Amino acid sequence: MAKSLEFKGISKSYPGVRALNDISFTAQGGRVLALLGENGAGKSTLLKILSGDQKADEGEILLNGEPVSFHDPQAAINAGISVIYQERQLMPSMSVMENLYVGSLPKTKLGLYDKRKLYNNAKELIDRFNIDIDPVQLVGRLSVAYQQMVEIMKAVKRNSDIIAFDEPTAPLTDTEIKILFDIIKKLKDEGKVIIYVSHRLAEIFQITDSIVVLKDGHYVTSLETAQTNETELIKAMVGRDIGDTYNNLSRNTDFGDVVLDVRNLKTPYVHDISFQVRKGEIVGLAGLIGSGRTEVARALFGADPVTGGEIYLDGEKVSFKSPREAIDKGVALCPEDRKEEGLVMQRSIKDNIAMPVVDRVSKGLLIDPDAIRALAEKAVDKYSIKTPSIEKISSELSGGNQQKVILGRWTSEKMETKVLILDEPTKGIDVGTKAEIYQTICDLAKQGIAVVLISSELTEVINLSDTILTMHNGHITGCLTRQEATEEKVLALAMLE
Amino acid sequence: MKKDSFYIKHIRPLIKHKVFTLILLFIAMVIMFTLWSAIQGGRFFKISTFKNILNSLVISAFLTIGAGCLLISGNIDLAQSAIGAFGGMVLATAVKSWGLPWYLGIVIGLVLCAAFGSLNALLVTKFRFPAFIGTLAMASMARGLMYLFSSIGNKGLAANIAFNNAPLSFIGAGSIGPIPLGIIIMLVFFIIYGIIISKSRFGLKVTLIGGNPVAASLAGINSTAITYILFINSAVLGGIAGVFNTARLGQGALLALQTNQFTGITAAILGGISFGGGAGGMGGAFIGLLILNTFQIGMGVVGVNPFWVNVFSGVLLLVALAFDFIAQRRSRSVLKAY
């Protein structure tokens with residue numbers, strides 16, 4: 001019987017977000033199916049449900065026509081489903097053969113494990129794929145590509161019928177990609193169901209047979225790879241109604257002189273980055289995850305080393321060796337991960353707001369509690385942070401209010417912020433609060449702050465920014481004004497090979 | 001109405017405060033020992049008991065302050081008592097073998113301790129060693145160097161170095177009026193460090209680093225400099241404990257502070273300083289120290305076998321850690337809910 005995998009009405013919600021909404025499609029054995037969508041379209045969530053890592057709220061998965069339900073990843077593996085994630089799930093200090101056969105090591109009569117048999121089994125498996133790996137090699141010593149192959153072989157060894165790949169080519173070189181594709185073709189010829197998640201359109205045309213497009217957790221369409229083209233795909237991935245959120249914003253239209261001037265900036269992660277931000281202007285950085293947006297932000301803020309190029313602030317050349325130096329010159333960063341990088345979660349709102357200006361709200365060596373309190377009260381007022389008291393512990397605030405605390409930190413009267421970098425300012429924040437934060441960002445621009453906005457939400461970055469820069473692979477690939485930017489154009493530039 | 005607001009404003013925060021619970025625990029412990037010794041026909045409330053408790057406090061107090069400050073910043077120093085013992089031996093060697101005046105001996109000892117502290121900090125900040133491992137290695141080195149110093153002027157053999165020095169014996173055992181000098185110095189230290197941790201700019205930065213080092217550094221707090229200061233501080237306070245030990249015994253002892261390896265950390269955690277950093281203060285640490293010492297001496301007064309005293313001290317630490325971890329886990333589950 002032909003193998004098949006069917007998703008039927010899968011829905012999944014997280015607090016404040018509906019990640020998947022009634023997703024239904026079928027993947028056939030002997031074919032490669034691409035799962036395509038922007039950041040946050042729901043691809044990863046779907047894979048997590050498939051692998052038993054998360055449970056769907058509604059709907060079911062049919063394996064070869066039979067409904068299945070997994071309580072944990074092991075149950076999914078036993079049922080013949082292997083999901084190969086970007087993060088390897090191997091033991092780096094063990095050999096290749098031990099990794100391949102962990103859980104089913106061949107035993108000798110004495111109950112010890114049979115190293116000779118293990119070696120032979122592993123060798124046989126590796127030879128089937130025609131890969132040049134020594135079974136006794138430690139996995140930690142292998143390149144990323146070979147580690148990935150070990151993981152694929154593990155899936156094959158388990159005799160999995162369904163093998164799903166999550167962005168497998170992201171860390172690979174061209175030659176390695178070719179080897180991977182050969183393996184995928186071999187698996188396909190064996191009649192397995194292959195699900196392939198990737199952002200890279202060129203690869204999708206090279207390796208897949210059909211394409212399912214997701215958008216904001218909704219199923220959009222199914223296409224035969226041979227009968228479609230890039231333009232049609234990009235169109236399918238974008239094009240939702242924007243609503244009035246952006247039209248009702250009161251924006252700044254009066255830009256001043258150039259505040260931030262970046263020329264040929266280079267770090268270990270990004271290359272040849274040049275752009276300017278004027279007083280009161282919002283410049284958006286658009287691009288896929290891993291395109292280098294956050295790395296640009298960190299370099300501007302002195303958090304990552306700069307290896308080349310120049311940064312000018314108000315015409316003066318600067319080079320920051322630490323965030324402290326950047327802060328003192330008026331550059332501020334709201335990091336992407338509020339909990340890990342933004343706030344000290346178990347401390348009060350007021351401590352978190354005073355954090356960068358502890359030395360400026362003091363009486364000699366001692367802190368001035370009244371000054372700190374006044375500073376925090378003002379921020380709570382200005383951004384209408386919903387809290388009974390400034391003594392409240394930050395972890396007890398909602399995501400939106402936490403973000404406002406960080407905004408309050410960087411715009412307090414003790415700060416002289418000229419450039420504010422916002423990395424994913426609305427991540428994980430509900431729709432209502434998002435609108436508030438959008439208006440806040442526009443207000444900050446009106447006050448003359450130069451804003452650099454990073455967002456994975458295309459509509460957000462396009463509609464909020466005055467100028468949009470697209471990034472791909474550590475380079476800036478395009479520059480559009482809000483008037484000329486469309487999601488299609490931005491996505492095409494961001495996915496450019 | 002007015003009564004209510006007084007209660008909410010002043011009484012409730014007091015009850016909710018961790019230190020308040022600790023004081024209750026301390027009182028309960030004193031009552032327990034009083035009853036226990038009464039049953040045995042003895043008396044717990046004796047001048048000698050209190051003298052014992054207070055005297056035993058002094059040396060552990062300096063260790064506790066140093067360890068506590070580091071713990072609040074999310075770091076740990078396992079070498080502290082070994083460095084202190086080394087400093088104490090340097091003092092004895094300086095006085096006895098080199099014939100230096102006592103104050104120079106103390107200064108040399110503490111400067112060398114500070115050097116050890118900055119090495120600890122270097123390992124943790126520059127080379128990114130886990131503090132646990134790095135300071136453990138340094139502990140071994142400090143003990144080794146202590147033996148080396150003790151063998152100077154002793155034909156290459158390691159041995160206790162005894163000396164006669166009036167100012168040092170005054171430091172070790174003298175009193176001002178009825179109060180031992182050591183106790184006065186200890187209380188002054190607790191008050192100064194209490195102000196530093198709870199009221200100063202530096203203290204707020206230490207606590208914020210302990211709460212989230214990444215966020216603190218992205219908010220412009222220089223965690224490297226602060227880590228250096230705290231490790232040096234921990235080592236120098238260890239050295240002061242070593243100096244007191246040497247002064248009190250009248251000799252640089254090979255086994256100095258051997259039983260105090262974890263005293264500072266234990267007392268600090270008992271006193272509500274979070275093992276993961278970011279919470280706690282010197283008031284709590286002081287009560288933690290009181291609880292630990294009263295417990296150990298009280299056990300002796302009621303005649304519990306000394307081996308069991310160690311076992312029970314371990315249990316006490318486990319209980320304190322369990323409370324800390326439960327509190328942490330609860331705050332983490334709050335985080336998850338968002």
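**Reading an interface and its aromatic pairs**

Modeller: Across the interface of chain A and chain B in this predicted model, 10 residue pairs are in polar contact, both partners being at pLDDT 80 or more.

Biologist: Which elements of chain A each supply at least two residues of the side that touches chain B?

Modeller: They are helix H10 (323–328), helix H11 (338–342), strand S18 (366–367) and helix H14 (399–410). H11(A) gives the most, with 4 residues. By class, this side of chain A has 17 nonpolar, 6 polar and 10 charged residues.

Biologist: How many salt bridges does the rule find across the interface of chain A and chain B?

Modeller: The rule finds 2. B:Lys205 forms a salt bridge with A:Asp359, with the closest N and O atoms 2.9 Å apart.

Biologist: How much area do chain A and chain B bury between them?

Modeller: They bury about 2,400 Å², 63% of it on carbon and sulfur atoms. In chain A, the residues that lose the most area to chain B are A:Arg347, A:Met355 and A:Ile367, together 19% of what that side buries.

Biologist: Why do the rings of B:Phe62 and B:Phe244 count as stacked?

Modeller: Planes under 30 degrees apart count as stacked. The planes of B:Phe62 and B:Phe244 are at 20°, with ring centres 5.4 Å apart, so this pair is stacked. B:Phe62 lies in helix H3 and B:Phe244 in helix H11 of chain B, so the pair ties together parts 182 residues apart in sequence.

Biologist: Are B:Phe62 and B:Phe244 buried or exposed?

Modeller: Both are buried. Ring pairs also link B:Phe62 and B:Phe244 with B:Phe189 and B:Tyr193 into a cluster.

Notes
Residues are numbered from 1 along each chain as its sequence is written. Chains are lettered from A and ligands numbered from 1 in the order in which they are written. This is a predicted model: local features need pLDDT of at least 70, side-chain atom pairs count only at pLDDT 80 or more; totals for chains, interfaces and linings use all residues. Side-chain values use heavy atoms; hydrogens and water are left out. Buried area is the accessible area (1.4 Å probe) that two parts lose on being put together, summed over both. A salt bridge is a side-chain nitrogen of Lys or Arg within 4 Å of a carboxyl oxygen of Asp or Glu. A polar contact is a pair of N or O atoms within 3.5 Å; within protein, one must be able to donate a hydrogen and the other to accept it, and residues adjacent in sequence count only if both atoms are side-chain atoms. Ala, Val, Leu, Ile, Met, Phe, Trp, Tyr, Cys and Pro count as nonpolar, Asp, Glu, Lys and Arg as charged, and the others, Gly among them, as polar. Rings of Phe, Tyr and Trp (its six-membered ring) pair if their centres lie within 6.5 Å; planes under 30 degrees apart count as stacked, over 60 as edge-to-face and the rest as tilted. Buried means under 20% relative accessible area, exposed over 50%, partly exposed in between (1.4 Å probe, protein chains only).
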